[in-house]
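Let's take a walk through part of this protein model. Have a look at the sequence and the 3D view, then read on.

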Amino acid sequence: MTAVHDIPVSDVDLFADDARLDPNPTYRALRDAGPVVLMSRHGHYALPRYADVRAALMDWRTFSSAKSVFVDEETNRNLEGITLCSDPPDHTMMRSVLGRPLRPDRMREIAPTIEREADRVVDRVVTAGRFDAVTELAEHLPMTVVSTLVGLGEEYRPKMLEWAAAIWDVQGPRNQRFLDAGPSVDEFLSFAANDAVPGRIDPDGWAAHLYQAADRGEMPHEKCPVMMLDYVTPSLDTTILGIASMIALFAEHPDQWELLRADRSLIPHAINEALRLETPVPQFTRVLTDDHEIDGVALPAGSRVALLYGSANRDERKYPDPDRFDITRKPSDHLAFGRGEHVCVGMHLARLEMSALLERLAERVGRFEIVSRTPMINNGLRGYEHLEVRCS
């Protein structure tokens with residue numbers, strides 16, 4: 001790394017295959033380099049340290065999402081105005097509608113359904129003794145319960161994971177994965193505009209509630225199709241990846257699994273620790289609305305800044321021995337769900353799904369052993385595509 005105007009510069013491509021497979025050595029180098037690093041490959045700055053990322057997340061007026069939060073500038077221009085790519089008051093208006101079925105009180109209503117399906121899937125995989133923790137375990141609750149709650153129709157369920165992964169891929173630079181994802185993204189946007197409409201979706205589903213809110217004048221009708229993104233992308237891949245990574249961590253650290261089996265009150269902390277260590281969404285960007293100084297580093301208004309959640313969550317300035325999986329750590333302040341105005345609207349649902357599975361696995365499984373694993377390589381996500389495990 002070299003310094004330009006006192007800001008270290010890195011030519012590392014965080015979207016290259018090797019960096020998607022294991023970004024942690026690069027994250028450490030970026031944290032060591034300084035509070036702000038210029039990522040020369042893609043022309044934006046990056047914040048790799050916990051305190052700076054958290055402060056940015058809590059200051060939406062300075063670190064704006066209104067110019068979008070991805071990497072490719074054309075994509076950013078096209079997506080301005082969606083929930084993820086907006087600031088208050090527009091963001092507040094859309095989020096209030098989106099978040100209604102995801103409030104904690106609504107989670108209590110659907111908890112029995114989640115628990116019943118968790119019983120079913122855990123019984124199936126434990127009885128088999130060997131299973132894919134991604135496709136046979138982690139996908140079950142999001143794909144059976146959540147997709148039904150969204151109410152887009154059974155015939156579209158097989159496409160949802162493909163669409164979601166493609167949407168995450170276009171959140172990176174215009175590399176080959178980005179280009180390959182284009183047709184699937186176009187297919188989803190066409191579906192959202194032409195098929196996921198009243199009369200063709202479950203009138204009691206979350207998607208239909210968007211249109212009902214628009215009918216009541218709570219938001220513009222034209223927002224409804226793109227807001228389908230907010231129910232399809234965050235509710236599927238991120239939870240699936242979080243569950244699978246959690247199983248891998250427990251397989252690699254059987255002592256931690258024994259701790260959890262002996263004390264189920266550790267389940268919430270285990271979930272937080274797994275999400276801290278293996279953050280499913282490693283980064284989003286923001287644009288500075290004004291000249292701003294970060295730990296003595298001055299950046300001009302209009303700068304695009306990447307908030308590196310994956311790096312922040314392993315910052316040794318915040319977490320002692322940060323690469324160690326320790327479910328007694330209780331890191332409820334991790335940034336895997338974000339913070340502030342854009343904190344993950346579905347985090348209560350994700351926690352409910354992960355907790356339901358852990359409770360039941362802890363009753364039935366003494367040990368996990370990894371047979372084989374295939375990492376997911378995606379511009380916007382990190383985790384496993386397949387994780388074959390044996391349980392006993």
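Two strands count as paired if DSSP finds at least two bridges between them. Strands (E, at least two residues) and helices (H or I, at least four) are DSSP runs, numbered from the N terminus. With that in hand, E6 and E12 run antiparallel and are joined by 3 bridges. In this pair, phenylalanine 131 sits opposite valine 389 in E12.

Before going further, a word on where this comes from: the model is predicted, so local features need pLDDT of at least 70 and side-chain atom pairs count only at pLDDT 80 or more, while totals for chains, interfaces and linings use all residues. Residues are numbered from 1 along each chain as its sequence is written, and side-chain values use heavy atoms, with hydrogens and water left out.

## The hairpin and the edges

Now for the other pairing of E12. Strand E11 (residues 368–377) and strand E12 (residues 382–391) are antiparallel, with 9 bridges joining them. They make a hairpin that has 4 residues between the two strands. Find phenylalanine 368 and you'll see cysteine 391 of E12 opposite.

Put together, 3 strands make an open, antiparallel sheet in the order E6-E12-E11. Why is one side of E6 (130–132) and of E11 left without a neighbour in the sheet? Both stand at the edges and each has a single partner strand, so there is no neighbour on one side. From one strand to the next, the twist averages 15°. In general, strands of a sheet pair through backbone hydrogen bonds, either parallel or antiparallel.

## Two residues in a loop

Next, head to the loop between helix H9 (157–169) and helix H10 (176–194), where you'll find asparagine 175. Is asparagine 175 buried or exposed? Its relative accessibility is 18%, so asparagine 175 counts as buried (buried means under 20% relative accessible area, exposed over 50%, and partly exposed in between, with a 1.4 Å probe and protein chains only).

The side chain of asparagine 175 has a polar contact of 2.9 Å with the side chain of asparagine 379 (a pair of N or O atoms within 3.5 Å; within protein, one must be able to donate a hydrogen and the other to accept it, and residues adjacent in sequence count only if both atoms are side-chain atoms). That side chain also reaches the backbone nitrogen of phenylalanine 178, at 3.0 Å.

Glutamine 171 belongs to the loop between H9 and H10 as well, and at 10% relative accessibility glutamine 171 counts as buried. Leaving aside neighbours within four places in sequence, glutamine 171 is in contact (heavy atoms within 4.5 Å) with Phe70, Val71 and Phe284.

Note on methods:
Axes fitted to C-alpha atoms, helices over the stretch in contact; angles between N-to-C directions.
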